[in-house]
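Here is a short tour of a structure for you to follow with the viewer open. Have a look at it first, and then we can walk through some of its details together.

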Amino acid sequence: MNLTRDEIIEAVNGALVNEMELDPADLSPEKTFFDDLGLDSLDMVDLMIGLQRKFGISLRDNEEIKQVRTLGDVYDFFEKNQAMLTAQAEAAKAAAAQAAQQETGK
Amino acid sequence: MNGLKRVVITGSGIYSALGFTPGELFDNLAAGKSAVVRAGEEENFLPTAPAPRDPERFRALPRTLRRAMAPSACFTAMAGLAALQDSGLTQDELLALSAGCAVGSTMGSVSTLREGYALVISGQSDRLSPMHFFKAASHTTAFNLARTLGLNGAIYSPCSACASGLQSMGLGAALISAGQATVMFCGGADETGSEVSGSFALMYAHAPVEDDPTQSSQPFSAHRKGLVCGEGAAVFCLEEYEHAVKRGANIYGEIVGYSSNSGGNGLSQSDAPAIARCMTDTCKSAGISPADIDYISAHATSTLQGDAAEAAAIREVFGANVPVSSLKGHLGHTLGASGPLEMAAVFEMARHGVLIPTRNLVDVDPACAGIDHLTAPREKPIRIFFKNSFAFGGINASMICKLNV
């Protein structure tokens, strides 16, 4: 994951338009997910799972993403944390590969 | 029904491979159309009878509802909305009445279960959507119907495979008859997939690949080789008689008899004595003689053993005096939807005064003989009809409806 802010906005908004069927015209950074965009907590989990898949990262144990309120918060989160999230994902992948290798070697 | 209250049907809605309204379904059945096509590689090219899984059509359901729905629940919700509209009941009336629902299916949603297995088995369970449970749950058709119609009464979901739909109707009727509900939306739904068709194929109960798939399902025929799985939904508005009359509702008919039993030993085999007992008990619950029945809508799925057992039971209870047909030659076996969906067709037959024959029935199997098989359309008024639904696990269910209430 090595994206510009515009690419992050495009990916996040794309998920909201395609998966949540929101109107692109409604997607501005100050909009809150629950009150302005009409989503709920289950939608937010679905959205994050979709973004995990898109970005090849894991957000399951990330506390900061659980605090987002606005669309802008999400853009900021990925812009700020993408290097860390990518490193985490690569470390997890390497650990899984090592575990698989050890299993094969038994 | 031997209860305190009379139970009538005041609304109907369907979603099927041969039509999205009962009238359209009747027209296609009367024209002799078949829903059966050849499946893709995923289902080993077996014959199948799919209903349209049309995202554009399903957009009639708001996303906030649809997100928790697999095809089986979408079929149900579409049929349920049509039934509600047909009933003329308003949202305020539903809430004031604490209207409930009873809708069943064979196993929730096979397509969603498959998607879930694929992710879990490949170590990607963290990619499962939080909606997965709601789409796959065994009662997905029922609670999704309640959410769609805004029902605040009891939600039931009899899960009895191919008898799910008729048992749901029976349960709803029993609750109203006992004075525990005034309005219940009841029916059945199902979606087919390789888990279902493959299971029947393993038991040599599924029709094989044929050059002409429309000839695959041949209930009661000497040449039948097995059933064809189909899908769809039907939902009826069941209502307490006095309430329906008071509001001037259109009454399709009255549920006057219902019974369900088992042979006590069944797995996949049908049990003719248990079926006969179920049909006899249904007549008793209606307080009518078998001779009063004008038409029997058979369960007959085109399996060797099941059709013969049902024919034997009909022969014992009704003799050769009542016309019989199965609509599974046209629609395939729509599993949990089959009972209510085929009932919706019978109400249309009654409206037109025409009995639809069993499609693909030319040479009656001697094991299925001795009953009045419909092999061609027959003009006949229907005042009272009989519906059968049977299921794996030895489950039998029968219902009697009286028209011109």
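## A salt bridge within chain B

Let's begin with B:Arg247, which is partly exposed at a relative accessible area of 24%. Keep in mind that this is a predicted model. The partner of B:Arg247 is B:Glu239: the two form a salt bridge whose closest N and O atoms are 2.7 Å apart. B:Glu239 itself has a relative accessible area of 0% and is therefore buried, as that value is under 20%.

Elsewhere, salt bridges with shared partners link A:Glu21, B:Glu56, B:Arg59 and B:Arg66 into one network.

## Where the chains meet

The contact between the chains involves 12 residues from chain A and 11 residues from chain B. In chain B, the residues that lose the most area to chain A are B:Arg63, B:Arg127 and B:Pro130, which together account for 52% of what that side buries. The area buried between the two chains is about 1100 Å², and carbon and sulfur atoms give 45% of it.

Five salt bridges are found across this interface. The side of chain B that touches chain A is made up of six charged, four nonpolar and one polar residue. Eight residue pairs are in polar contact between chain B and chain A.

## Salt bridges and helix 3 in chain A

Over all chains, the count of salt bridges comes to 24. One of the salt bridges in chain A joins A:Lys80 and A:Glu64, at 2.8 Å from N to O. A:Lys80 sits in helix 3 and A:Glu64 in the loop between helix 2 (41–55) and helix 3, so this pair ties together parts that are 16 residues apart in sequence. A:Lys80 is exposed, with a relative accessible area of 56%, while A:Glu64 is partly exposed at 36%. A:Glu63 also takes part in a salt bridge, with A:Lys66 at 3.2 Å between the closest N and O atoms.

Helix 3 of chain A spans residues 71–105 and also holds A:Thr86. A:Thr86 counts as buried, at 15% relative accessibility. Beyond its neighbours within four places in sequence, A:Thr86 is in contact with A:Met1 and A:Ile57.

## A sheet in chain B

Chain B has an open sheet of three strands in the order 2-3-7, with mixed pairing. Strand 2 (37–38) and strand 7 (229–230) stand at the edges with a single partner strand each, so one side of each has no neighbour in the sheet. Strand 3 (residues 47–49) and strand 7 run parallel and are joined by two bridges. Here B:Thr48 stands opposite B:Cys229 of strand 7.

Note on methods. Residues numbered from 1 in each chain as written. Chains lettered and ligands numbered in written order. Predicted model: local features only at pLDDT ≥ 70, side-chain atom pairs only at ≥ 80, totals over all residues. Heavy atoms only, no water. Helix = DSSP H or I, 4+ residues; strand = E, 2+ residues; numbered from the N terminus. Buried < 20%, exposed > 50% of the residue type's maximum accessible area, 1.4 Å probe, protein only. Contact = heavy atoms within 4.5 Å. Buried area = accessible area lost by both parts, 1.4 Å probe. Salt bridge = Lys/Arg side-chain N within 4 Å of Asp/Glu carboxyl O. Polar contact = N/O pair within 3.5 Å; in protein donor to acceptor, adjacent residues only side chain to side chain. Nonpolar A, V, L, I, M, F, W, Y, C, P; charged D, E, K, R; others polar. Pairing = 2+ DSSP bridges.
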